[in-house]
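This briefing walks through a structure for someone meeting it for the first time. Keep the view open and follow the points one topic at a time.

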Amino acid sequence: MKAVGVVEFGGPEKLQVLDLPEPQAGPGEVRIRVHAAAVNPTDTIVRAGLREVPDDTPHVPGMDAAGVIDQIGADVDDRLAVGQSVVALIVPRGTHGAYAEQIVVPAASVVPAPQGVDFAAASTLLMNAMTARLALDSLRLSRGDRVAVTGAAGAFGGYLIQLAKADGLRVIADAKPADADLVRELGADDVVERGDDVAQRIRELAPEGVAGLADGAVLNDRAVPAVADGGRIATVRGWKGPAERDIEVHPVWVTRGAQDTAGLDRLARQAEQGVLTLRVARVLPAEQAAEAHRLLEAGGIRGRLVLDFS
């Protein structure tokens, strides 16, 4: 079975095509013939060796896959079937990552793909959308509240804007001038220029501060001044404060939602209904994974790069 991964951590050039044994679905699992795998920033972290992982196997990155079920293990209910188009949220470990022709996944992490979209677009959904969903849930906001989002033009930020609007929230989003129209099209009520001093610009629109902030730009303490006293901030790279003025800091880990079948399916149906916009920046052959990582790390990508395993 063809996969793409590393046997030695380092830069994008360390990614290579691997020949791995064909995996078999066990109890409670399904095997997916992967057609597309999205490339996410967390994949570059795994490749570079910046996350603690076992050191005795090749490492295959990838948390987002779309494809067709080709094997079902025991004890899987009839919600899933061989031949069904699906999307999956994957927690990589060793050779278990989305950059592969076949992957075995807990059935709880697999849901029917959004209808009417191709595999490349479908593969861009679950990891970022579930992260956005968990971030919003951690902020515990009420309809009509104001939420701010940094990194709004990115995949996480775009999904957060759209989910927040579906929840009845008012959104202040950051963007560089070239991305301002995109962020407005995604649903932001107000757009401020991005940068390390974005908190000041958010305060100009919300003098008392916003009730909640989702920090997709990883500003950490620099985002805190935008939040009202006693408000909440959701972070995506593990920063947990401290923050002043009784502000709660909630690090968000998408692995907590990896087997939330109902939540994953709800996101897929929201994409199907057009509530969530699937954005593909470019599709590359799987063998060009190193180039995809170079492009992602260079910055400025809007939408997701996708590897084609068809």
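Predicted model: local features only at pLDDT ≥ 70, side-chain atom pairs only at ≥ 80, totals over all residues.

Helix H1 is mostly covered, with 6 of its 8 residues buried.

**Helix H1 and its crossing with H8**

- The residues of H1 that are buried are Thr42, Asp43, Thr44, Ile45, Val46 and Arg47.
- These buried residues pack against strand S3 (29–39), H3 and H8.
- After H1 comes Gly49, which has a positive phi, near 80°.
- H1 covers residues 41–48 and H8 covers residues 289–298; their axes come within 10 Å and cross at roughly 115°.
- With that angle, H1 is roughly perpendicular to H8.
- The contact involves Pro41, Asp43, Thr44 and Arg47 on the H1 side, and His293, Leu296 and Glu297 on the H8 side.
- The crossing of these two helices, H1 and H8, is left-handed.

**Helix H3**

- Of the 14 residues in H3, 12 are buried, and the helix is mostly covered.
- Its buried residues are Leu126, Met127, Asn128, Ala129, Met130, Thr131, Ala132, Arg133, Ala135, Leu136, Ser138 and Leu139.
- The length of H3 agrees with expectation, because 14 residues at 1.5 Å a residue should span 20 Å and the end C-alpha atoms are 20 Å apart.
- Arg140 follows H3 and has a positive phi, near 50°.

- The axes of H3 and H7 come within 10 Å, crossing at roughly 110°.
- This angle makes H3 roughly perpendicular to H7.
- Leu126, Ala129 and Met130 of H3 make the contact with Gly263, Leu264 and Leu267 of H7.
- The crossing of H3 and H7 is right-handed.
- The axes of H3 and H4 come within 8 Å and cross at roughly 55°.
- H3 and H4 are therefore oblique to each other.
- From H3, the residues in this contact are Asn128, Ala129, Thr131, Ala132, Arg133, Ala135 and Leu136; from H4 they are Ala155, Phe156, Tyr159, Leu160, Leu163 and Ala164.
- H3 also passes H4 in a right-handed crossing.

**The nonpolar cores**

- In soluble globular proteins, nonpolar side chains tend to be buried together.
- Here the largest nonpolar core has 48 residues, and Leu89, Leu125, Ile161 and Val183 have the most contacts inside it.
- At least two residues of this core come from each of strand S5 (85–89), helix H2 (119–122), helix H3 (126–139), strand S8 (146–150), helix H4 (155–166), strand S9 (170–175), helix H5 (180–186) and helix H7 (261–272).
- H3 gives the most to this core, supplying 8 residues.
- Beyond its neighbours within four places in sequence, Ile161 is in contact with Val149, Ala152, Val171, Ala173, Val183, Leu186, Gly187 and Ala188.
- There is a second, separate core of 35 residues, which includes Val6, Ala37, Ala289 and Leu296.

- Ala268 lies in helix H7.
- Is Ala268 buried or exposed? Ala268 is buried, because its relative accessible area is 0%, and the cut-off for a buried residue is under 20%.
- Not counting residues up to four places away in sequence, Ala268 touches Val111, Pro112, Pro114 and Leu125.
- Val87 is 181 residues from Ala268 in sequence, yet the two are 8.3 Å apart in space, C-alpha to C-alpha.
- Gly187 sits in the loop between H5 and strand S10 (190–193).
- Gly187 counts as partly exposed because its relative accessibility is 22%, and that class lies between the 20% and 50% cut-offs.
- Leaving aside neighbours within four places in sequence, Gly187 is in contact with Ile161 and Lys165.
- Gly187 and Gln162 are 25 residues apart along the chain, and their C-alpha atoms are separated by 6.2 Å.

Note on methods
Residues numbered from 1 in each chain as written. Heavy atoms only, no water. Core = buried A, V, L, I, M, F, W, Y, C linked by side-chain atoms within 4.5 Å. Buried < 20%, exposed > 50% of the residue type's maximum accessible area, 1.4 Å probe, protein only. Helix = DSSP H or I, 4+ residues; strand = E, 2+ residues; numbered from the N terminus. Contact = heavy atoms within 4.5 Å. Expected span 1.5 Å × (residues − 1). Axes fitted to C-alpha atoms, helices over the stretch in contact; angles between N-to-C directions. Parallel < 35°, antiparallel > 145°, perpendicular 65-115°, else oblique. Left-handed = near helix turned anticlockwise from the far one by under 90°.
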